[in-house]
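Please have the structure open while you read.

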Amino acid sequence: MGLVVQKYGGSSVADAEGIKRVAKRIVEAKKNGNQVVVVVSAMGDTTDELIDLAEQVSPMPAGREFDMLLTAGERISMALLAMAIKNLGHEAQSFTGSQAGVITDSVHNKARIIDVTPGRIRTALDEGNIAIVAGFQGVSQDKKDITTLGRGGSDTTAVALAAALDAEVCEIYTDVDGVFTADPRVVKKARKIEWISFEDMLELAASGSKVLLHRCVEYARRYNIPIHVRSSFSGLQGTWVSSEPIRQPSEQGEQQVEQAIISGVAHDTSEAKITVVGVPDKPGEAASIFRTIADAEINIDMVVQNVSAASTGLTDISFTLPKAEGRKAIDALEKNRPGIGFDSLRYDDQIGKISLVGAGMKTNPGVTADFFTALSDAGVNIELISTSEIRISVVTRKDDVAEAVRAVHTAFGLDSDSDEAVVYGGTGR
């Protein structure tokens, strides 16, 4: 008997019919001889509705109470799903994140998992039950307060439980048939990827691909937990994310799925750009800027420093960060302007990032040239450039992102010749 962890997103359990459909799939896995642990998100747009409600009551809700409110969505889903499974003749027990043993730090709204002690889950499984766990939440190690893991936290919950329970696989069920070479909402001819390495998936996730969150993939790589991304709306095989290529059966026997040179094209329009103008070009200035940002607990992405002007000895430093953190970053830098010594700040939230990802890029000359040629032919102007061994990212105008993604996708031969990609639930997640 194997142990399988399944995670279902909000679009999969958006209504009563969706919950009953998911229950049937879970029971089928149980009938196949598996022990089954299920992690579930809040129904549909429940989390967004709770956030809106909180903002109507208080413009700045306290972190502890905000987490207490938001975790209600997953508790509703887990209870309803357990009821639906019992109606199909199987026993199910639902558990909150704290009951499941998900231990976190004490940072509200974006807590990180410290440990998982799934004693109650193991007991439920040993008794022959299906365990249903509320995703996105845990309990702080020190104060024992309810915490949330941030958006997409249910994926991380699922992988963390899979690691703690030594599961064979963590199945992430979404409203698309797997990981595609581009967002199927933007590129209709995007092609499903059969297998992708943890490293490439990490780059795609960090670059804006929303099917899997970066933290989830990072956790899976650390504990070597294979992830199978598939749709809860179809019975099709999805995308395997693992350290080594999987083997799939064929008429001639097992065949290995090889990794393509280019894994995919990701995009992100949730970032903004800050330019620090007139920075003295001397040691320690950049450190002061980014220490200020770090102290404000803001993550940055791309960084570019211009060549210093010989006449003034001043330079400009630009970096990208989440739009939601823009105001906090500006305030922090302005507060420390006397110590840093820059002239002014420029803020731009009408940008987008396009990234080309693939492990084969470093051994194939011409990839960079082809990437920039495709953007040039599409009339897309580039503002920032960042590269790694398996990724090239550029920042452009937000309005140019969709056209740029389609142009690059076509230029690298990623367009599918078969049926168009399907987004069953409308969100691609």
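1. Which residue in E7 does threonine 104 stand opposite? Threonine 104 stands opposite serine 140 in E7. Strand E4 (residues 102-104) and strand E7 (residues 137-140) run parallel and are joined by two bridges. Strands here are DSSP runs (E, at least two residues) and helices are too (H or I, at least four residues), numbered from the N terminus; two strands pair if DSSP finds at least two bridges between them.

2. Before going on, a word on the ground rules. This is a predicted model, where local features need pLDDT of at least 70 and side-chain atom pairs count only at pLDDT 80 or more, while totals for chains, interfaces and linings use all residues. Residues are numbered from 1 along each chain as its sequence is written, and side-chain values use heavy atoms, with hydrogens and water left out.

3. Now the sheet around that pair. Four strands make an open sheet in the order E5-E4-E7-E8, and the pairing is mixed. At its edges are strand E5 (113-116) and strand E8 (146-148), each pairing on one side only. From one strand to the next, the twist averages 45°. H6 packs on this sheet and touches E4, E5 and E7, its direction making about 40° with that of E5. Contact means heavy atoms within 4.5 Å.

4. H6 has a helical partner as well. The axes of helix H6 (residues 153-164) and helix H8 (residues 214-223) come within 8 Å and cross at roughly 10°, which makes H6 roughly parallel to H8 (angles under 35 degrees count as such). Axes are lines fitted to C-alpha atoms, for helices over the stretch in contact, and angles run from 0 to 180 degrees between N-to-C directions. On the H6 side the contact involves Asp155, Thr156, Val159, Ala160 and Ala163, which meet Arg215, Cys216, Tyr219, Ala220 and Tyr223 in H8. By class, seven residues of this contact are nonpolar, one is polar and two are charged.

5. Further along, E21 and E22 form a hairpin with two residues between them. Strand E21 (residues 384-388) and strand E22 (residues 391-397) are antiparallel, paired over five bridges, and isoleucine 385 stands opposite valine 394 in E22.

6. Finally, the whole chain. It has 13 helices and 22 strands, and its C-alpha atoms fill a box of roughly 80 × 55 × 35 Å along the principal axes. Of its 429 residues, 52% count as buried, meaning under 20% relative accessible area with a 1.4 Å probe, protein chains only.

Technical notes
Parallel < 35°, antiparallel > 145°, perpendicular 65-115°, else oblique. Nonpolar A, V, L, I, M, F, W, Y, C, P; charged D, E, K, R; others polar. Buried < 20%, exposed > 50% of the residue type's maximum accessible area, 1.4 Å probe, protein only.
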